[in-house]
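Visitor: I have a few quick things to ask about this one. Can we go through them with the model open?
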Amino acid sequence: MALLEQLNKRYATKKFDASKKIASADLTTLLEAIRLSASSYGLQAYKVLVVENEAIRKQLRAASWDQSQITDASQLLVFAVETNFDEKGVDKFVENTANTRNIEVSALSGYADMMKGSLKRPAEEVQAWLTKQLYIALGFGLVAAAELNIDSCPMEGFDANQYDEILGLKEKGLHAGVILAVGYRSSEDGYQHLSKVRRGHEDFFIAV
Ligand SMILES: Cc1cc2nc3c(=O)[nH]c(=O)nc-3n(C[C@H](O)[C@H](O)[C@H](O)COP(=O)(O)O)c2cc1C
C-alpha cells in the first residue's frame, strides 16, 4: 500500500536542509490537511501558527534546547490551544455549523448544551481535553507530510512559556502545545538510514 510505504519512509527528521523550501502548493495542501483534522465535537479550540521569520525562529531555537530543526526546516508549525475557550466559543461553532449546513441555530440547541456541559468541569480538565486535540492535528500533519514527500519532526522539546512570550500568544488567548517542523531532510542526517523501531504486532494489538 502506497500509504504504508510513505509512513515507513518518514522519520523524525533531526537535520533539515535549510536551503530547501516547500513549494507553496504543497504547503497549502499540508495546512489544509491539518485544518481538516478531526476534533472533539469539531470544536477546534486551537490555532496553528506558521512560522517562517528567521529572527523569531532563532529565538525559538534558543527556547528549544538549541534543536536545529527550528531554524533549518522550511516552516515551523506551532499548535497552540485556546486558553479562554468558553460558551461563546461553542456559540461561534454552532453558528458556523448552522451557516455551513444551512440550518437554524435553534435546531442545534441540544447539541450546543451538550458541548457547554463539557466545559462545566474543572478548568484544568477542560484545558487538558482541549490540548489533546492538538495531537490529532499533529497526526494529520505527520501523515499528510509523508504523503506529500515532505519531511517533518514532531516536537515537544521546547519551553512552552518562552514560546508564548516570543510569539505573543498570551495576548491572543493561546498557549503553545506541540510543534511540527516541516521541510526536507539533509543528506547528512544519519537518522534517515536507521531502521524503524516499533512494537511487534503481537505486542501491540489485542484481539478481543
Ligand atoms: C509528541 C512528540 C514529541 C516529540 N519531540 C521530539 C523532539 O523534541 N525532538 C526530536 O528530535 N524528536 C521528537 N519526537 C520524535 C520522536 O522521538 C520520534 O517520532 C520517535 O522516536 C519515533 O521515530 P520516527 O518518528 O522517526 O519513526 C517527538 C515525537 C512526538 C510524537
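Guide: Go ahead. Keep in mind that this is a predicted model.

Visitor: Which residue does Arg-199 form a salt bridge with?
Guide: With Asp-203; the closest N and O atoms are 3.8 Å apart.

Visitor: Is Asp-203 buried, partly exposed or exposed?
Guide: Asp-203 counts as partly exposed, at 48% relative accessibility.

Visitor: Why would such side chains pair up at all?
Guide: Side chains of opposite charge can pair when their charged atoms come close.

Visitor: How many salt bridges does the structure hold?
Guide: Nine. One of them joins the side chains of Lys-116 and Asp-91, at 2.8 Å from N to O. That pair links distant parts of the chain, with Lys-116 in helix α6 (residues 109–118) and Asp-91 in helix α5 (residues 87–101), 25 residues apart.

Visitor: Lys-116, buried or exposed?
Guide: Lys-116 counts as buried, because its relative accessibility is 15% and the cut-off for buried is under 20%. Asp-91 is partly exposed, with a relative accessible area of 36%.

Visitor: Back to salt bridges. What does Asp-151 form one with?
Guide: Arg-185, and the closest N and O atoms of the two are 2.8 Å apart. This pair also links distant parts of the chain: Asp-151 is in strand β3 (residues 151–155), Arg-185 is in the segment after β4 (174–183), and 34 residues separate them.

Visitor: And how accessible are those two?
Guide: Asp-151 counts as buried at 9% relative accessibility, whereas Arg-185 is partly exposed, with a relative accessible area of 21%.

Visitor: Change of topic. Where does Ser-37 lie?
Guide: Ser-37 is in the loop between α2 (24–35) and β1 (46–51).

Visitor: Buried or exposed, that Ser-37?
Guide: Buried: the relative accessible area of Ser-37 is 7%, so Ser-37 falls under the 20% cut-off.

Visitor: What does the side chain of Ser-37 reach?
Guide: The backbone nitrogen of Ala-137, at 3.4 Å.

Visitor: Which residues does Ser-37 touch, leaving out those up to four places away in sequence?
Guide: Gln-44, Tyr-46, Ile-136, Ala-137 and Phe-140.

Key: Residues numbered from 1 in each chain as written. Predicted model: local features only at pLDDT ≥ 70, side-chain atom pairs only at ≥ 80, totals over all residues. Heavy atoms only, no water. Helix = DSSP H or I, 4+ residues; strand = E, 2+ residues; numbered from the N terminus. Buried < 20%, exposed > 50% of the residue type's maximum accessible area, 1.4 Å probe, protein only. Polar contact = N/O pair within 3.5 Å; in protein donor to acceptor, adjacent residues only side chain to side chain. Contact = heavy atoms within 4.5 Å. Salt bridge = Lys/Arg side-chain N within 4 Å of Asp/Glu carboxyl O.
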